[in-house]
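Here is a briefing on one protein chain. Look over the sequence and the fold, then read the points below.

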Amino acid sequence: MNSKVKGILQILLIVVLIAAFAFVAYRGIGSARRGSAENIRLGLDLQGGVSVTYEATKSNPTETEMKDTVYKLQKRVEDVSTEASVYQEGSNRITVDIPGVNNAAEILDKLGQAGALQFILYANLTDKDGKANPKEGEEVKFDEKDIQLDGSMLAQANAGTQQAEGTGATENVVNLKFNGKGTKKFATVTGEHVGEQLAIVYDNKLVSAPVLRSEISDGNCVISGSFEKFSEAEELASTLRIGALPLELKNIHNNIVGATLGSEALKSSLIAGVIGLILVIIFMMVIYRLPGAVSAVALLFYIGAMLLVLNGLNITLTLPGIAGIILSVGMAVDANCIIFTRIREELTLGKTVSQAIQNGFSKALSAIIDGNVTTIIAAVVLYLKGSGTVKGFAQTLAIGIILSMFTAIFVTKLLLKSCAALNLTDIKLYGLKKEKKVINFVGSWKKYVGISGAVVVICIAGLIFNASKGGAILNYSLDFIGGTSTSVSIPENTEITDAMKEDVVAIVKETTSLNGEVSTSDDKGVKKITVRTTALTEQQNADVSSKLAEKFNVEQGQVESETISASVSSEMKTDAVVATLIATICMLIYIWIRFRQLSTGVSAVLALVHDVIVVFTVYVVGSAFIQVGSTFIACMLTIVGYSINDTIVVFDRIRENRAKASSRTPLAEIINKSITETLSRSINTSITTFIMVFILALLGVSSVRQFAIPLIVGIISGCYSSVCIASPLWYLLMGRGKKEKKAATYSKK
C-alpha cells in the first residue's frame, strides 16, 4: 500500500470515527438509545431535586455498617424515584440525591432521622405532656430501659394483603421479618406479653401499636386490621424500612434545587461551549494554518470521545462539570500549540515536513506529559478533598486532560502524517519559526517583583477595608459559614419591589423567629428573592417554603433552599487550605524528581503561590459580587494546575537548551533564550483557554460567572508568572546572580 492511499485511509478512519461519535451522541444505540447525549446523567443543579447528606451519630462506624446503611437507604429512596442515588462520602457520611422531584420538602421530611426506630410496650408510653394512651402520630416519651427491640433487629418490612380470619375478606397488612438477634428477642417479648400492645415508635412519634395475639418464634409477623388503604400499609412498611438502618443518622446538609435556573444554566453553558470552540478553531487555523485545521478535527474527535466516556462511566454531569469540560477544551489546545511550535522550529532548521512532524512530536512529548501530569495531580486532590459538584468538576477536568493528551499525541500526529503522505508539504501550509530578539527577562526581575508586590499590597489593603466595615473580610457563601438559604423564583415579567423583599423577611421571622438577610438576583431572566438565616430545622424549612410558595402564588418547586451545618462549613474551609497544600507539595515532589533539582520545584511552587495570591485578590476586591464557596477550592486548584503546566514547558526548554549549550554559556542567556522561544506558545495557549472561559463568563449564569471570572484572572496571572516569575526566580535561587553580575543584552543569532 503506497503512502497516499494509506494517508487517505487514515484520514477517512478519523472522519468515520468522528461521524460515529456524533451519531451515537445524537441518536444512541438500540431502542434504549445507549450512548446518547440525552442519557448523560444530570446533576441536581441542572434538573432540580433534593439532596441530603447524613452523618452517622456513632463515632467510628464500621465499613459493613456504612455499606448496609447505604443499601437500605437506596431501597428506601427507590420508592420515591428510580433515578435516586445514595453514596458514601468519607468514613461516616451518606448523601442521598433525588433528581427531578417537585415535592422536595415533603420528601426531605419523609426521609427523617434515619435509624430512630424502637419497639416498646404501649403501656410504657406517654404523650409529650406525660399523659397515658398517646394517639398515633403524636410525639411520645419513654424510658430507654423499656425499649424491647430497635431498628437494627429488623431485616424486612413489606406491604401486602391476606384473607382476614372469620370474614375471608382481603385486608391490607405489613409483613415483618426480624434478623437472628431480633428473632430471639421478639419471641421472648411476644411470649411474655400476649394480649398487650407493642408500640412502634419512629423518630419519637407513635407510628402504630398492634396487639400481640400469640407468641411468635420464627421472626415473621403480620401487622393487620388498621389499614383501610393499601397505600397506608406501604407507608408504614416504608417507615419501618428506613428505621431498620444499622446506624442512626443526623442531617447535616440538605439542598432543595428548582429546575428553572438549572435548565437555563445548561443551555447557556452549552451555547458558550459551542461559541468558544468555534472561536478557538478559527484562532488555531489563523495562527498555525494546516496544523491548526488538523487540530480542529482532533478537537471534534476529543469532544465526541468525551461524550462517550461520560456515558460509559455513568458520570453525573453538574454545572461545574460542564465548566470543567469547557476549560479542558481550551487546555486541550495546549499540547497542539507545543507540537506545532516545535514543528515550525524543525522546518526552520531545514528538515522535511515528515521529519519535522516526527521530531516535533518527539521533542514536545516530555513537556506535554509533565505539564498534564501536574494538572492531573490538582484534579485528583480536588476530587479527594472536594464534595458534591466540585467532585464533578474534578472528574470532567481529569478525563478531559487524559483525552486531550491522547488526542494530541495520537490523533493529531496521525492526521499530520496523513497530510504529509498526501504531499501537503508546502512550507507555507505550516509556517516557519520567526526569529525574535531575545528578551532579557532575568535582568528585569526587579520590575516583576514590583508588579507582584503591588498586587500583594492591594490584597492586604482590600482585606483591611473589608474588615473595617465590621463584617467578614470575604463574601463567604453558605458553604463556608453554614446556615439556611431560601430562594423563591418570581415570574419573569414581575418587578421585584422592596415590599416583596419585606414580605419574605416577615414570613421567615413569623415562622422561625429569626431575622433574615435578604438579597435579589436576575439571572438570565430567572428572578429570585433570597433570604439567609442561621440553620433551620427540616420542619421550619418546609413551613417557610410552603408559605413563600403560597404568598407569591408559585409552585412548590420554584422555592429552593439549602441548609449546611456549621461543622460542614468549617470542614470546607479547612479542605480549601489542605487541598491546595497537598496539591502544591505533590507538584513540588514531582517537579523535583523530573528535573532533579529542588530549586526548580521551589521556584515553580513560589510562582504558584504568586498566582494563588493574585486570584485571592480578585475575591477580596470583588467581594461585593464574588462569593467564596465550594467552587473557590476548584478555582484555586485549577489555576495551580494550569499555571504549573505553563511553567513546566518553559523549564523543559531551559533543560534542553542547557544540555546543548557550552559550559561557558551564561545561565541567564540560556534562560532568556528559552523563555523567548516558548513565549508565543505561552501566549497562544493562554489565549485559547481565555477564549473558552471568557465566553463562559459572558454567557453563563451567576454561579458560573463567579467561577469563571477568577479563572480569567488566574489564566493571565499563570502566563505572566511562568514567563516573568518562575524562571528568573530559579536563576536567583541557583545563586547565579552573584557570579553573573551583569546580564548581557542579546541580539539575533
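**Overview**

The protein chain holds 21 helices and 17 strands; helices (H or I, at least four residues) and strands (E, at least two) are DSSP runs, numbered from the N terminus. This is a predicted model, in which local features need pLDDT of at least 70, side-chain atom pairs count only at pLDDT 80 or more, and totals for chains, interfaces and linings use all residues. Residues are numbered from 1 along each chain as its sequence is written, and side-chain values use heavy atoms, with hydrogens and water left out. Along its principal axes, the C-alpha trace spans about 105 × 70 × 55 Å. Of the 749 residues in the chain, 53% are buried. Buried means under 20% relative accessible area, exposed over 50%, and partly exposed in between (1.4 Å probe, protein chains only).

**Cavities**

- The structure holds 7 cavities of 30 Å³ or more.
- A cavity is a set of points, on a 1 Å grid over the protein atoms alone, where a 1.4 Å probe fits but cannot get out; lining residues have an atom within 4 Å of a point.
- The largest cavity has a volume of about 90 Å³, where volume is the space filled by probe spheres set on the points, and grid points are joined across faces, edges and corners.
- Its lining consists of Cys 337, Ile 338, Thr 341, Arg 342, Ala 367, Val 649, Asp 652, Arg 653, Thr 678 and Arg 681.
- Helix H9 (319-348), helix H18 (630-660) and helix H19 (667-699) are the elements that each give two or more residues to this lining.
- H9 provides the largest share of the lining, 4 residues.
- By class, the lining of the largest cavity divides into 4 nonpolar, 2 polar and 4 charged residues.
- In this count, Ala, Val, Leu, Ile, Met, Phe, Trp, Tyr, Cys and Pro are nonpolar, Asp, Glu, Lys and Arg are charged, and the others, Gly among them, are polar.

**Helix H19**

- H19 has 33 residues, and at 1.5 Å a residue it should span 48 Å.
- The expected span is 1.5 Å times one less than the number of residues.
- The end C-alpha atoms of H19 are 46 Å apart, which agrees with that span.
- H19 bends by about 45 degrees at Thr 678; the bend at a residue is the angle between axes fitted to the seven residues ending there and the seven starting there.
- Thr 678 is also one of the residues that line the largest cavity.
- Since 25 of its 33 residues are buried, H19 is largely enclosed by the rest of the structure.

**Cysteines**

- The disulfide count is 0, a disulfide being a pair of cysteine sulfur atoms within 2.5 Å.
- Cys 719 is in no disulfide; its nearest cysteine sulfur belongs to Cys 724, 8.0 Å away.
- Cys 719 is buried, at 13% relative accessible area.
- Cys 459 is buried too, with a relative accessible area of 7%.

**Loop residues**

- Arg 289 is not a glycine, yet it has a positive phi of about 60 degrees.
- Arg 289 sits in the loop between helix H7 (259-288) and helix H8 (290-312).
- With a relative accessibility of 41%, Arg 289 is partly exposed.
- Asn 553, also not a glycine, has a positive phi of about 55 degrees.
- The loop that holds Asn 553 runs between helix H15 (538-551) and strand S17 (559-564).
- Asn 553 is exposed, at 72% relative accessible area.
- Gly 629 lies in the loop between helix H17 (598-621) and H18.
- Gly 629 is buried, with a relative accessible area of 4%.
- From Gly 629 to Glu 495 the separation is 134 residues in sequence and 29 Å in space, C-alpha to C-alpha.

- Ile 582 belongs to helix H16 (residues 566-595) and is partly exposed, at 34% relative accessible area.
- Ile 582 and Val 381 are 201 residues apart in sequence, with 7.2 Å between their C-alpha atoms.
- Met 587 is found in helix H16 as well and is buried, at 0% relative accessibility.
- The C-alpha atoms of Met 587 and Ile 644 are separated by 8.2 Å, and the two residues are 57 apart along the chain.
- Ala 408 lies in helix H11 (residues 389-421) and is buried, at 1% relative accessibility.
- Ala 408 and Tyr 720 are 312 residues apart along the chain, with their C-alpha atoms separated by 25 Å.

How values were computed: On a 1 Å grid over the protein atoms alone, a cavity is a set of points where a 1.4 Å probe fits but cannot get out, and a pocket is an open set with protein on both sides within 12 Å along at least five of seven lines; lining residues have an atom within 4 Å of a point.
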